[in-house]
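Hi,

Here is the model I said I'd pass along.

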Amino acid sequence: METKRNQERLEQPLLSFQVITDTHINNDPAHEHNRNLERVLADIAANGEGSCGIMHAGDLTDNGFIEEYEEFYRIWNASKESLPKLYVTSGNHDIGDEWRHHMELFLGQTGMTGMYHDHWIDGYHFIFLGTEEGIGLFCTLSETQLAWLDQKLGEEASPDKPVFVFLHQPLKDTVAGSLEAQHWYGVTQDAELKAVLAKHRQAIMFTGHTHWELDAPHTFFDGGGQLPAMFNAASTAYLWTDEDEHKDGSQGYYVEVYADRVLVIGRDFERGEWVEGAQFQVNYPVSS
């Protein structure tokens, strides 16, 4: 399923967007996480012409504090004239211990319509899932949210058209960092969410949380013939390795949608380079 992006394509994508996650913005303007976000936005402004949006998979802030949101928007506003629209779901760092208060703050600051929400953009469906309680590293999805997801995935559904799903925490034993021994899976309703997704294999799911670098094994999970394709989206703040070690760096994805395939292309924002080991192709229609 890998592809290469080292030659110019004549065919133009039907849709393009970027996926970032785990920006972990601090209230200190000089913090490395904040400087990394400045690099990310400059990269997208320079290379993301025609993008329909920046999709953020959670942990916008480091602690869910108002000062951190203010710092995020200081950075965003400096480049916003050159950027597409931002769509966000929450991460565990955005919610914290005082979760009801932090959820209200998250919604008020991001302008999202709820802890889970969906958007039709240029004829394609984008669905954002989010925790409904603050329970440490894990997220919890109500029966109502799972039923809503099932219904939304069925709207105008077709095996030859992708639907894009975003959730901060990955499902167990799917993408990098989510393997049982790595301890960074984190959906309380893991089996229930998998059961819903298994009915809609045309979906593509992006998650954050683990920070695992894009060069790591299992960055891409092909679904094993049972589930949709899933991608670990790394982090723009800092990275993590299979040796269970911190690594300086900042990574995410550029995504291009064509009539018969989706290209998911890893980007090293710190170096301003494509990640050769993280260039993937998901083909459509999805086989039954």
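First, the conventions. This is a predicted model, so local features need pLDDT of at least 70 and side-chain atom pairs count only at pLDDT 80 or more, while totals for chains, interfaces and linings use all residues. Residues are numbered from 1 along each chain as its sequence is written, and side-chain values use heavy atoms, with hydrogens and water left out.

**The sheet**

Helices and strands here are DSSP runs numbered from the N terminus (H or I with at least four residues for helices, E with at least two for strands). Two strands count as paired if DSSP finds at least two bridges between them. On that basis, 6 strands make an open sheet with mixed pairing, in the order β3-β2-β1-β12-β13-β14. The edges are β3 and β14: each has a single partner strand, so one side of each has no neighbour in the sheet. From one strand to the next the twist averages 20°, with axes taken as lines fitted to C-alpha atoms (for helices over the stretch in contact) and angles running from 0 to 180 degrees between N-to-C directions.

The β13-β14 hairpin has 4 residues between its strands, and G272 takes a positive phi near 65° in it.

N283 belongs to β14. Leaving out residues up to four places away, N283 touches D260 and R261, where contact means heavy atoms within 4.5 Å. Its side chain also makes a polar contact of 2.7 Å with that of Q281. A polar contact is a pair of N or O atoms within 3.5 Å; within protein, one must be able to donate a hydrogen and the other to accept it, and residues adjacent in sequence count only if both atoms are side-chain atoms. For accessibility I use buried for under 20% relative accessible area, exposed for over 50% and partly exposed in between (1.4 Å probe, protein chains only). N283 comes out as partly exposed because its relative accessible area is 41%.

In the segment after β14 sits P285. The peptide bond between Y284 and P285 is cis, with omega about 5°.

**Helix α1**

Helix α1 covers residues 32-47, 16 residues in total, and reaches 22 Å from first C-alpha to last, close to the 22 Å expected at 1.5 Å a residue. The expected span is 1.5 Å times one less than the number of residues. Its buried residues are H33, N34, N36, L37, V40, L41, D43 and I44. Their cover includes β1 (15-20), β2 (54-56), α2 (66-79), β12 (251-257) and β13.

**Loop residues**

Which residues does S90 contact, neighbours within four places aside? They are G58, D59, I95, F106, M115, G130, T131 and H168. S90 lies in the loop between β3 (86-88) and α3 (92-95), and it is buried because its relative accessible area is 3%.

One of those contacts, D59, has a positive phi near 60° without being a glycine. D59 sits in the loop between β2 and α2 and counts as buried, at 2%. E156 is also a non-glycine with positive phi, about 50°. E156 is in the loop between α5 and β6 (163-167), and at 65% it is exposed.

S142 lies in the loop between β5 (124-128) and α5 (143-153) and is partly exposed at 25%. A 2.8 Å polar contact joins its side chain to that of E132.

**Cysteines**

Taking a disulfide as a pair of cysteine sulfur atoms within 2.5 Å, the count is 0. C52 is buried at 11%, and C139 is buried at 0%.

Cheers
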